[in-house]
Amino acid sequence: QSTESSGINAEYGGSGANVVLFPLDVTTTIRFDIPTLLNRSLDTKQKDFYHSCIEGTHTQMVFYGEATAEERVLNIHDVHCFVYYARPDLYSVEDTYLGVDPSTGQVTDAKEQEKKNIVKVAFTATDHSEVQKTVLGMFKC
C-alpha cells in the first residue's frame, strides 16, 4: 500500500501503515454490565465459556484494583480496536508526531516541523453508549 493511499504523507517519513493508537486510559472508559453480558449469553452454545471469561476477567480487575468485588462491571480493553474499524465516527482522533531515539529505541514526542512519523491517536470515545451497543451487536450476545 502506498503512503498516498494510506492517508499518511510520505514527506513526514510515514511507513505507509495507517496506525491508530488507543491510550490505556481510553480503554478504561467503556464498562460493560456483567449481569447483562451473562444474561445475553444464556442462549448461546458458548455460555459456559463466556461465563468463565467474564468472571475471570472481573476477578483480575478486582485483584489489580480496576474494580471492586461489588462493582459488577468489566473493562474490555481491546474492544476499541474493532469498534474503531467498524465505526470510526465514534472517536475523537488527532494526528501525533512521533520520533524514535536510535540509541535507546524509546518513542519520543516530535514536533510537526521535525517531519517525524505521523500516528493517529484516539484520545476519547465520543459516545460511550454507542460503543457499547456496537460491541454487543458484533457479538450478538
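This is a predicted model: local features need pLDDT of at least 70, side-chain atom pairs count only at pLDDT 80 or more; totals for chains, interfaces and linings use all residues.
View 1. Residues are numbered from 1 along each chain as its sequence is written, and side-chain values use heavy atoms, with hydrogens and water left out. The side chain of R87 meets that of E130 in a salt bridge, at 3.4 Å from N to O. The two come from distant parts of the chain, 43 residues apart: R87 sits in the loop between α4 (79-86) and β4, and E130 in helix α5 (residues 128-139). For a salt bridge, a side-chain nitrogen of Lys or Arg has to be within 4 Å of a carboxyl oxygen of Asp or Glu.

**View 2. E130 and its other partner, K133.** E130 is partly exposed too, at 23% relative accessibility. Here E130 forms a salt bridge with K133, with the closest N and O atoms 3.0 Å apart. Both residues belong to helix α5 and lie three residues apart, about one turn of the helix. Across the whole structure, the search turns up six salt bridges.

**View 3. R31 reaching across to E71.** Another of these salt bridges joins the side chains of R31 and E71, again at 3.4 Å from N to O. R31 is in strand β2 (residues 31-33), whereas E71 lies in the loop between α3 (47-63) and β3 (73-75), so this pair also links distant parts of the chain, 40 residues apart. R31 is partly exposed at 27% relative accessibility, and E71 is as well, at 32%.

**View 4. N75, a buried residue in strand β3.** N75 is found in strand β3 and counts as buried, at 4% relative accessibility. Its side chain joins that of R31 through a polar contact of 3.1 Å; such a contact is a pair of N or O atoms within 3.5 Å, where within protein one must be able to donate a hydrogen and the other to accept it, and residues adjacent in sequence count only if both atoms are side-chain atoms. Leaving aside residues up to four places away in sequence, N75 touches T27, T28, I30, R31, T57, M61 and E66, with contact taken as heavy atoms within 4.5 Å.

**View 5. A four-stranded open sheet.** The strands run in the order β1-β6-β4-β5, with mixed pairing. β1 (20-21) and β5 (107-109) stand at the edges with a single partner strand each, so one side of each has no neighbour in the sheet. Strands are DSSP runs of E, at least two residues, and helices are runs of H or I, at least four, numbered from the N terminus; two strands pair if DSSP finds at least two bridges between them.

**View 6. Bridges onto β6.** β4 (residues 91-100) and β6 (residues 117-125) pair antiparallel over eight bridges. Along this pairing, Y91 faces A125 and Y97 stands opposite I118. β1 and β6 run parallel and are joined by two bridges, and L21 has V121 as its bridge partner in β6.

Terms used. Buried means under 20% relative accessible area, exposed over 50%, partly exposed in between (1.4 Å probe, protein chains only).
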